[in-house]
There are 2 protein chains.
Amino acid sequence: MSSMKDTIKSIAIELFFKKGYFATSISEIAKGSGIQKASIYYHYRSKEDLLFSILKATMDDLTRYLKNNLAGLDDIESKIRVAVHGHVRFHLERQKENFIANSELRGLTSEHYRAIVEKRDEYERIFQDLIRQGREEGIFADVDVKILSYAILTLCTAGASWFNPGGRLTVDEIADIYEKFILNGLKQACEASAPSRCGAKGMAICKA
Amino acid sequence: MSSMKDTIKSIAIELFFKKGYFATSISEIAKGSGIQKASIYYHYRSKEDLLFSILKATMDDLTRYLKNNLAGLDDIESKIRVAVHGHVRFHLERQKENFIANSELRGLTSEHYRAIVEKRDEYERIFQDLIRQGREEGIFADVDVKILSYAILTLCTAGASWFNPGGRLTVDEIADIYEKFILNGLKQACEASAPSRCGAKGMAICKA
DNA sequence: GTCTATATAACGATAGAC
DNA sequence: GTCTATCGTTATATAGAC
């Protein structure tokens, strides 16, 4: 189960998360894995190959997780709720890998970079389609699909940078807060483009 | 005006943004500045000192900008609108510095790290106070202040990672979209915690 | 204030024994 | 599959001339 190849990978995830890819040396990864640095190269052809291996697995798992969660759901609102909730869950539960996947793309060769960005784009497209459909069906306001899809995804992803696993709130509680915040943002009950156009008084009509 | 010290700084901002702090060498910064690498050390005592100098100036300007924008405003809703709008503006207009300020903190010595985090905390506290006041005055829903302040700030900050200065939308247009999205998220017209509890039908009451 | 030259250390990666 | 030994390169930073 826990082969040396997997051990190296998990040590690398810890270090890349904590210190960053460029600031982490092969020596440190070897030390953490309990072997000599030359032995790393039996399992991975280069440091970059190790990084790519981490990012590829993370992106593949992320997309598979989303597709599984969406399967069987019919209405758009449920779909986008589940998509947002699952995105937050995945990013908080696999915090370190996801943090790396969103901050260390510059460490990849150009071919590997393209491969990862392509996977990310595929994932983003699913979200954009959901928002677009929700808008067309009148569930969401007339929002800018592209900007808001980026906003929503980066918002949820950013959670991985400050999330504290032993903290005050559980993963699902945080996911609920995000889901609520985002759905209300998408529905845009208030026009809100000019100050005070949608004040506390007007809102009382909508509340509970 | 454009002293060599400033030139070095602006070249460093370009390179740290494009390649990352650790992946950028003093040689490259010197080459971009048109001098020899040893000459860098006349202006900055170390590479880390150069990074700190960039981050400190950015954080100081950010907080000063916020305080200036808030001065003279009375009602909380206007204040939070202006705070969000300004945060987005600042991050998009000084995209590179802000990107560095949010991704390269690990490159700092521990003393410098503490100094920057302290500035960031002070800035965050202003936002948290605004959300808290808005909640107490009944303008916003009964939201989790801490989580939502992080969410809002990271959301707006993330814009600096995908923003394209020559793209489809202007800085102010994007800031408007964010402002609207966030204000609606904070007001939470819909309870939204369980799927379909706040469907399209219920929303029709709130719309325009 | 910028230069040439260099000290010193660490890096990623390879060769070849076992 | 892991080891020791090492190659070749690059890094940050300093010394001292101009």
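This is a predicted model: local features need pLDDT of at least 70, side-chain atom pairs count only at pLDDT 80 or more; totals for chains, interfaces and linings use all residues.
**Exercise 1.** Determine how the rings of A:F16 and A:Y21 are arranged as a pair.

*Solution.* Over all chains, the count of aromatic pairs is 13. One of them joins A:F16 and A:Y21, with 5.1 Å from centre to centre and 75 degrees between the planes. Planes over 60 degrees apart count as edge-to-face. The pair of A:F16 and A:Y21 is therefore edge-to-face.

**Exercise 2.** Decide whether A:F16 and A:Y21 are buried or exposed.

*Solution.* Buried means under 20% relative accessible area. A:F16 has a value of 0%, so A:F16 is buried. A:Y21 has a value of 5%, so A:Y21 is buried.

**Exercise 3.** Classify the pair of B:Y65 and B:F90, and locate its two members in chain B.

*Solution.* B:Y65 belongs to helix α4 (residues 47–70), whereas B:F90 belongs to helix α5 (residues 76–93). The two residues are 25 residues apart, and the pair links distant parts of the chain. As to accessibility, B:Y65 is partly exposed at 26%, while B:F90 is buried at 7%.

**Exercise 4.** Identify the ring cluster that includes A:Y21, and the charged end that sits over the ring of A:Y21.

*Solution.* A:F16, A:Y21 and A:F22 are linked by ring pairs into a cluster. Over the ring of A:Y21 sits the charged end of A:K47, 4.6 Å from the ring centre. In chain B, B:K5 lies over the face of B:Y44, 5.2 Å from the ring centre.

Conventions. Residues are numbered from 1 along each chain as its sequence is written. Chains are lettered from A and ligands numbered from 1 in the order in which they are written. Side-chain values use heavy atoms; hydrogens and water are left out. Rings of Phe, Tyr and Trp (its six-membered ring) pair if their centres lie within 6.5 Å; planes under 30 degrees apart count as stacked, over 60 as edge-to-face and the rest as tilted. Buried means under 20% relative accessible area, exposed over 50%, partly exposed in between (1.4 Å probe, protein chains only). Helices (H or I, at least four residues) and strands (E, at least two) are DSSP runs, numbered from the N terminus. A charge sits over a ring if NZ of Lys or CZ of Arg is within 6 Å of the ring centre and within 35 degrees of the ring normal.
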